[in-house]
Amino acid sequence: MNGSEIFGAWVAVFLTLGIFSYLYKDNPFYKIAEHIFVGVSAGYWMSMFFWTQIQPNLFGRLWPVPEGAISGFFMRIWYGIYDIFGFVLPRVFPDGGIDKGHGSDPHFLYLLPFILGIMMLLSVVSKWSWMARLGIAYTVGMAAGLRAYAFLNSNVLGQLKGSAVSFVNIPWFSLTDASIFNNIIILIGTITGLLYFYFSKEHTGHFGKVTRVGIYFLMISFGASFGFAVMGRISLLIGRFTDLISYGGENYNYASLWVLLVMIVLLTVWTIKGDKDTAS
Amino acid sequence: MEKFLDFIVRAGSLDRRYIFVVIAFVVIMPLFYPLGLPIRPTVSSKTIYDTVEQLEAGNKALVSFEYGPSTKPEIHPMAVALLRHLFEKDVKVYVTCLWPDGQFMAMEALAQVAENQYHKEYGVDYVLLGFRPGNEAVIKGLVSNFRKVYTVDARGNFLDDIPMMDGINQVGDFDYLFSASAGYPGTVEWVQYAADPTGVTMGTGTTSIQVNEVMPYVQSGQIKGILGGMPGAAEYEKLIGQPGIGTSGMDAQSVAHIVIVGFIIFGNISFFVERRRAKKY
């Protein structure tokens, strides 16, 4: 076990117990862990986005390594701009262009997302913040167009096909596979569940009774969701405890035990001090 | 009787921090002293196993990692188990990531399974293509032109220089697709933009909380099988005969569930007793 691994384990233990300490009450350990989490996440995401997309796929397409010497007035200016960038940020804009497999000719079409991206950043400048709307409008429009077909195909047509259940050549009852009994439940659940969301008619009389069945189906669905949510949270808790147990071993200099002990002592002092301050 | 009802009402308003302590205790104890409770694979887990079993050596599987450290205990064990099964069958594995932290999860899983356990060769038996931002736009791009989205892999190698990338130009070139997903973008987007339009057989492993959302796609046959949370991972580990982290956590999971169900029943009894008393007086 090397030093960095042990240090990492101590940090992991501190952050885990810091977050858990919120279950007692809001306290400085929780706040430290929370702020570190938010800051590291933001930094990590930004770094990943830049080095996996903006640098290779945007700059790599705008300034690929040219084949042979740069010729032509416009291209000289274009790569002159690149050289200026390269002088400021040599790691991002290495000498001669960016070779990420996008050929040797610049893809000028990618200037459009580049400009839209800069416009979105301008939202921090109040005078030019209107420009951000163009970038956002493009993103929203693109996403809406992209999703329209996919939703229609998978969520409407696919689910309609899935709801067309069979009542022939299957057993009457099965706990696990398709059966006539199960399919009747699917049919009743689908129809009554959909009718519950039909608000053009008052939910009274026979119609009200049918929609009430729909509510029962919805409640069962919510109950299942709640059960799965509990299961998921317990799984995550098991994951953290498993790590804490392994970090509590001799290999990690009993990190879990020491951090837990110090945290309990400091939280006790902090609580007593807080109580005294409140009393005074 | 009245004293007993008093106790129930008072216990019903117990400080919730005691409940946290009890849950912590019942989760920790089985981790130290395993009970060895039986694990029975469900139909949906068995479906994934059977689908992978039908793959032949040399077939191509696209595995996408869409989870991070926050959901690692649920998804990672099933990703590891699935990779074991795929490598056991000599299937070629292509790994993509729609989440930035998914790349590190994939690196860890591949190091554990491909390198240390099965001694597979990078670029020949498996490749980590890495993360690309863009959510469903990335999937859409992979469906139409794989090489427009990925020109280099996560290690910076050009795709043209990777032997196992020969003949891979779109998602339709794969024999199997698996999404290890903890949310958006993930399973639903792979169904909508890849599996449904191309017809490639798809399986998924999701967090427990996502199961209800994804299950309609499984019922309709748009997804062939689902591994739901840690139990799904444990079931898959049982099916491939290689117990792992999922199996070891199931005792704690089961005991915690029993205690939580007990709390819910007790809380309801307390609620109804209190309500009856309120009506009475």
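A: In this predicted model, 40 residues of chain A are in contact with 42 residues of chain B. On the chain A side, helix 2 (28–62), helix 5 (131–163) and helix 7 (205–247) each put in at least two residues. Helix 7 of chain A gives the largest share, with 17 residues. Sort that side of chain A by class and you get 21 nonpolar, 16 polar and three charged residues.

Now for the partner, chain B. Its domain assignment splits into domain 1 (2–33 + 250–280) and domain 2 (43–243), and the C-alpha centres of the two domains sit 40 Å apart.

Chain B also has an open sheet of six strands, ordered 3-2-1-4-5-6 with parallel pairing. Strand 3 (126–131) and strand 6 (226–228) of chain B are the edges, each pairing on one side only. On average, neighbouring strands of the sheet are turned by 15 degrees against each other, direction ignored. Zoom in on strand 1 (residues 60–66) and strand 2 (residues 92–97) of chain B: six bridges join this parallel pair, and B:Phe65 has B:Cys97 as its bridge partner.

Two helices of chain B pack on that sheet. Helix 8 (residues 187–198) touches strand 1, strand 4 (176–181) and strand 5 (202–206), and its direction makes about 155 degrees with that of strand 4. Helix 9 (residues 211–219) touches strand 5 and strand 6, with its direction at about 165 degrees to that of strand 6.

Definitions and conventions. Residues are numbered from 1 along each chain as its sequence is written. Chains are lettered from A and ligands numbered from 1 in the order in which they are written. This is a predicted model: local features need pLDDT of at least 70, side-chain atom pairs count only at pLDDT 80 or more; totals for chains, interfaces and linings use all residues. Two strands pair if DSSP finds at least two bridges between them. Helices (H or I, at least four residues) and strands (E, at least two) are DSSP runs, numbered from the N terminus. Axes are lines fitted to C-alpha atoms, for helices over the stretch in contact, and angles run from 0 to 180 degrees between N-to-C directions. Two residues are in contact if their C-beta atoms, placed from the backbone, lie within 7 Å. Domain bounds come from an automatic or database domain assignment. Ala, Val, Leu, Ile, Met, Phe, Trp, Tyr, Cys and Pro count as nonpolar, Asp, Glu, Lys and Arg as charged, and the others, Gly among them, as polar.
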